[in-house]
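Hi there,

Here is the structure I promised to pass on to you. Have a look around it first, and then read my notes below.

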Number of protein chains: 2
Amino acid sequence: MSEARTGDAVDRILEQWARERPDLDVSPMGVIGRLSRCAALLSQRMDAVFAHYGLSGWEFDMLAALRRSGAPYCLAPTELFSSLMVTSGTMTHRLKVLEGKGWITREASELDARSTLVRLSADGFALIERALEAHVANEHAILSGLPARSVEALQKRLAELLATIEDHAN
Amino acid sequence: MSEARTGDAVDRILEQWARERPDLDVSPMGVIGRLSRCAALLSQRMDAVFAHYGLSGWEFDMLAALRRSGAPYCLAPTELFSSLMVTSGTMTHRLKVLEGKGWITREASELDARSTLVRLSADGFALIERALEAHVANEHAILSGLPARSVEALQKRLAELLATIEDHAN
DNA sequence: GCAAACTAACTTGAATTCAAGATACCATTT
DNA sequence: AAATGGTATCTTGAATTCAAGTTAGTTTGC
């Protein structure tokens, strides 16, 4: 009950499996488990900053996607949900909420009558500008706990991994 | 619209920000964005294997936590939800579902009358044994696309990162 | 021209999750 | 022993998400 004073939560899980299933090589759980756990914890930390601006994580993601697309800050719903990895049903709901808050407007496309264009409003633009700066500062702060060389190495390895799994993914 | 033939989805996002907000150093978005995206894609890939055994991701997590705790495969709800990073309300719901499926049973604790012990049933044990082996094989397969040295490097860097953010996290 | 296949967006219903609060029990102090 | 504070679990209601199906508009092949 008090064996592992070194190591993190994932190490403890690996020790349990080594004891219970010594026949299995569970080493991939170390990498993948830490990755998932890092993602969850990072998400919590970023949400804390978003909340400061009255934004949830997905609201920030939506406004940021429109902002970085450049003038006229306008995208089709399909572009939004495919880049943000959510379904069309989720997008319908999100757009309704953001429109209700006045951060986006919607107008019919001239090229394709099926398509409605989503546009960042002036309010939405002003909000995301401020939130973005705080968010980037927060990310810098989070990574400042690591030596720059480690961050760079992590970057490279994650890019490799992403490349191998982005293909396969349907 | 067709500039970046090299690079992944995250590179494209960084290019957009460089164009729109050249005053900001958004490099942390590269690491953190890739990390989040890897986690989301890996989760999809693992869910595909779980589905093969009639399991969702969280169902696998629950049974696996009980299994790796060792005989008598018994944990308190509090131990479960704190290690799985969900709330107590979520745990109540999960336990109800798993009990309904016959994979766990519940019994009052003898030491503490507030506590009900969750126990893996024989069915649950048999199921997680099979699913676990497929899951581990799947994880090996996913990482086999990378050289072993890269995986090891990734492992080290993620452990560093996890150490710095596990502290701060309340 | 018109039917078949496809695409864009939305609707519906169910699943999952959390925050906040309620309830019951335990431990410690007085 | 009574009170206070803390712990373990559950309940409730709302938010978020997805899968599957719907509607409407577009494109292709004959």
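**What I found**

A base nitrogen of DNA strand D is 2.6 Å from an N or O atom in the side chain of Ser88(B). That is a polar contact, meaning a pair of N or O atoms within 3.5 Å; within protein, one must be able to donate a hydrogen and the other to accept it, and residues adjacent in sequence count only if both atoms are side-chain atoms.

Before going on, a word on how to read these notes: this is a predicted model, where local features need pLDDT of at least 70 and side-chain atom pairs count only at pLDDT 80 or more, while totals for chains, interfaces and linings use all residues. Residues are numbered from 1 along each chain as its sequence is written, chains are lettered from A and ligands numbered from 1 in the order in which they are written, and side-chain values use heavy atoms, with hydrogens and water left out.

**Around DNA strand D**

The largest share, four residues, comes from α5(B).

How many residues surround DNA strand D? There are 21, and the closest are Thr90(A), Thr78(B), Ser88(B), Arg106(B) and Arg114(B). Sugar and phosphate account for 75% of the atoms of DNA strand D that come within 4 Å of the protein. A residue is near a strand or molecule if one of its heavy atoms lies within 4 Å of it. Ser115(B) provides a phosphate contact, with a polar side-chain atom 2.9 Å from a phosphate oxygen of DNA strand D.

By type, the residues near DNA strand D are six nonpolar, nine polar and six charged. For this count, Ala, Val, Leu, Ile, Met, Phe, Trp, Tyr, Cys and Pro are nonpolar, Asp, Glu, Lys and Arg are charged, and the others, Gly among them, are polar.

**Around DNA strand C**

DNA strand C has 21 residues around it, and Thr78(A), Ser88(A), Arg106(A), Arg114(A) and Thr90(B) come nearest. Sugar or phosphate makes up 77% of the atoms of DNA strand C within 4 Å of the protein, and the rest belong to bases.

- The side chain of Arg106(A) has an N or O atom at 2.6 Å.
- Trp58(B) has a polar side-chain atom at 3.2 Å.
- Thr87(B) has a polar backbone atom at 3.2 Å.

Which element gives the most to the surface near DNA strand C? It is α5(A), with four residues.

**The sheet in chain A**

Three strands of chain A form an open antiparallel sheet in the order β1-β3-β2. Its edge strands are β1 (74-75) and β2 (104-108), each of which pairs on one side only. Two strands pair if DSSP finds at least two bridges between them. Five bridges join β2(A) to β3 (residues 116-120) of chain A, and Arg106(A) stands opposite Val118(A) in β3(A). Two bridges join β1(A) to β3(A), where Cys74(A) stands opposite Arg119(A).

**Inside the protein**

The largest nonpolar core has 94 residues, and Leu80(A) is one of those that touch the most other members. Such a core is a set of buried Ala, Val, Leu, Ile, Met, Phe, Trp, Tyr and Cys residues joined through side-chain atoms within 4.5 Å. Buried means under 20% relative accessible area, exposed over 50%, and partly exposed in between (1.4 Å probe, protein chains only). Not counting residues up to four places away in sequence, Leu80(A) touches Met62(A), Ala65(A), Leu75(A), Met91(A), Leu95(A) and Val118(A); contact means heavy atoms within 4.5 Å.

**Two backbone details**

A cis peptide bond joins Ala71(A) and Pro72(A), with omega about 5 degrees. Pro72(A) sits in the loop between α3 (57-68) and β1 of chain A. Met85(A), in the loop between α4 and α5 of chain A, has a phi near 60 degrees, a positive value in a residue other than glycine.

Enjoy exploring!
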